[in-house]
Each structure stands twice: as C-alpha cells, then as structure tokens.
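Hi everyone, thanks for coming. I'd like to walk you through one structure today, so please have a look at it while I talk.

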Amino acid sequence: NLNSQTTAFLLCKRWALYSVTPLYKFSRAHLKAYAKLLSAYIATEKQKGVAVEVGVELDIKVAVSSLPDLKGSHQDEAAILVQISLRSQASQKMSEEKLVWSGWFCSVCGDDLSKNVPADFICLPVFLANGAESYTSIVGSWFQKTFDCCFHRLAISPLNLSWMAAMWTGCKVEENTSAIELVFSVPHLPQSLDISYAIHPEDAKALWDTVQKTPGEITQEEVDVFMDCLYSHFHRHFKIHLSATKLVKVSTAIASAHCDGIIKFLQSQYITEVLMLLTELAISQIQ
C-alpha cells in the first residue's frame, strides 16, 4: 500500500530503466553522509575536476532517503530515493530549491536474487531515473565507484512488451477510457516508419477474456494467441502483416513501456505489480 506522497511522485513521469548489480557495504544508517559525498562529487564533476570540499554549502543539494512502502515482500529491501536540487546563484540563501533530477533503487519480490548474495551486499536490482542524462551518468558513476556495483540500461524486448500488453489489458480499473496503443517499427527502410495500432479498451479486454483460460495466470501460449488475434484483425483491415514488424511500445491505462527502457506508471493501484515485472527483468539481465 503506497502512501499518497509516494504515488504522486511516481505517477505520469518518464522513468529511464537500469539494472543494478548488488551494492557492496551499502548502509541505510549513512544516508545523510552519502548525500554529502554525492553532492560534492556532482559539484566536482560539473566544475570539470576542480576539487570541492565535502560539507561546504553548494548550489547543488542531494537528498538520499528511504521509501519503506515500495517493496513487494518482507524479504525485499526498502527502496532508496536520490534527489538533486539546485539553487539559483543570484540569491542562494533566499531562493527556493528546484528539484532537477530523481532516481530510485528498488526490489519488488526480488527474493531469488537476495538469497544468493553474501551478507555484505544489498540487492536493489531496478534503478529508475527521471531528469537529465548527465546527472544519471554522474550518480551512476559515484554509486559504481563507492559500492562496487554496475549499471546497465534495461531494454524491454518485443516479447516482454507483448506480455505487458496482455497483462495490462486484463487489469481492472475504475475508469478506463484510454485506448490500448501498440506501436510497431517497420524494419529495413531508408527512413524510420512506425505503425500505431489503437484498440478500444473494452474490445481488448473482451478479447483477452476469451483467450485467458485461468484467471490470475498467464501463459506464453495465451499471450501469443492474443497478439495473433490483434495482428489478424489489423491485416484484415489494412493488409499489413504486423508480425513482420517489431513491437517497440505499449500504452495502456495501467502503464506505458518503450523498448528503449522507458516506463510511465499511470495507475496507482498497479505500481507494485509493474515494479514486480521490472524486478524480474532486471534480475534476468544481472544473472
């Protein structure tokens, strides 16, 4: 159960996905110290190598905190939030801080990974970032140097996108007026060409209900049948074989996901379920 502040922070933002190997000797007791060290590191990187003393008042402020409600089981580690704020140089003491970048580590039902690592490591395999890539790069670099971990962009395959389309189609929401949109990229063309395929949510849900055999369970066969039905309907109207293209984006009332590893959470009650799937994808990449 996410609190309203956490929900408001997560929803409708464009989050870039990364997988992260376990962090070595990361301690929740030292979050404030990590914030000061990271703040000095960012300032130094921004000043192109000029050393900055830790603890000195800076235009850049870093906050590192815990999000205890962002977890799927008692075995999961609580999520860690990193935020970067800036003050205008005109009047540092009077001006308000402006949040310019956010990133957070989480693990939702990631027990399989945490069982197999030594005690000195903490497992938070999913990292999500919102803001300038330059800050993402600097923050990632600091964490890698400090906690001996590795960051990798978490791409989403067409197969996983088709699973998301099926799963999210089957989810119940109180007001679902959003069309389900599938975006396909046509290969082997001199210029990029995308095909957008929008389906009314009630029609898609009705189709999925005829395909799914056991409520609450999904099989690869069911996902394949669901997508094949959508492809057949599209071909019947437009004489285009979508099976020859590449699925690159899925948008539903629950969330949207792009193959480049971009996610948006659109329904608060399904944030945990989406993060559970992302955790599974991140762990599979790490292993």
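Lys25 is exposed, with a relative accessible area of 52%. You'll find Lys25 in the loop between β2 (23-24) and α2 (31-46). As background, most residues other than glycine have a negative phi.

Cys12 is another one to look at. Its phi is also positive, near 60°, and again this is a residue other than glycine. Cys12 sits in the loop between α1 (4-10) and β1 (15-20). Is Cys12 buried or exposed? Cys12 counts as exposed because its relative accessibility is 53%, and the cut-off for exposed is over 50%.

Before going further, a reminder that this is a predicted model.

Now let's zoom out. The protein has eight helices and 13 strands. Along its principal axes, the C-alpha trace spans about 65 × 45 × 35 Å. Of the 287 residues in the protein, 45% are buried. If you take the contacts between residues at least 6 apart in sequence, 66% of them join residues at least 24 apart.

There are two domains: domain 1 covers 4-153 and domain 2 covers 158-259. Taken over C-alpha atoms, the centres of domain 1 and domain 2 are 34 Å apart.

So what is inside? The largest nonpolar core has 59 residues, and the members touching the most others are Trp104, Leu128, Leu182, Ile263, Phe265, Leu275 and Leu278. Which helix gives the most to this core? That is α8 (residues 271-286), with seven residues. Both domains take part as well, with at least three residues of this core drawn from each of domain 1 and domain 2. Another core lies apart from this one, and its 33 residues include Ile42, Trp101, Phe127 and Phe143.

Let's stay with Trp104 for a moment. Leaving aside neighbours within four places in sequence, Trp104 is in contact with a list of residues including Phe9, Leu10, Trp15, Leu70 and Ile80. Also among those contacts are Val126, Leu128, Phe265 and Leu275.

Next, the open spaces. The largest pocket has a volume of about 530 Å³. Its lining has 23 residues, and those nearest the pocket centre are Met167, Trp168, Cys171, Gly216 and Ile218. The elements giving two or more residues to this lining are α5 (158-169), α6 (201-211) and α8. The largest share, seven residues, comes from α8. By class, the lining of this pocket has 13 nonpolar, five polar and five charged residues.

By class, the lining of the second largest cavity divides into seven nonpolar residues, one polar and no charged.

Thanks, and I'm happy to go back to any part of the model.

Conventions
Residues numbered from 1 in each chain as written. Predicted model: local features only at pLDDT ≥ 70, side-chain atom pairs only at ≥ 80, totals over all residues. Heavy atoms only, no water. Core = buried A, V, L, I, M, F, W, Y, C linked by side-chain atoms within 4.5 Å. Buried < 20%, exposed > 50% of the residue type's maximum accessible area, 1.4 Å probe, protein only. Helix = DSSP H or I, 4+ residues; strand = E, 2+ residues; numbered from the N terminus. Domains from an automatic or database assignment. Contact = heavy atoms within 4.5 Å. 1 Å grid on protein atoms, 1.4 Å probe; cavity = no way out; pocket = protein on both sides within 12 Å on 5 of 7 lines; lining within 4 Å. Points joined across faces, edges and corners; volume = space filled by probe spheres on them. Nonpolar A, V, L, I, M, F, W, Y, C, P; charged D, E, K, R; others polar.
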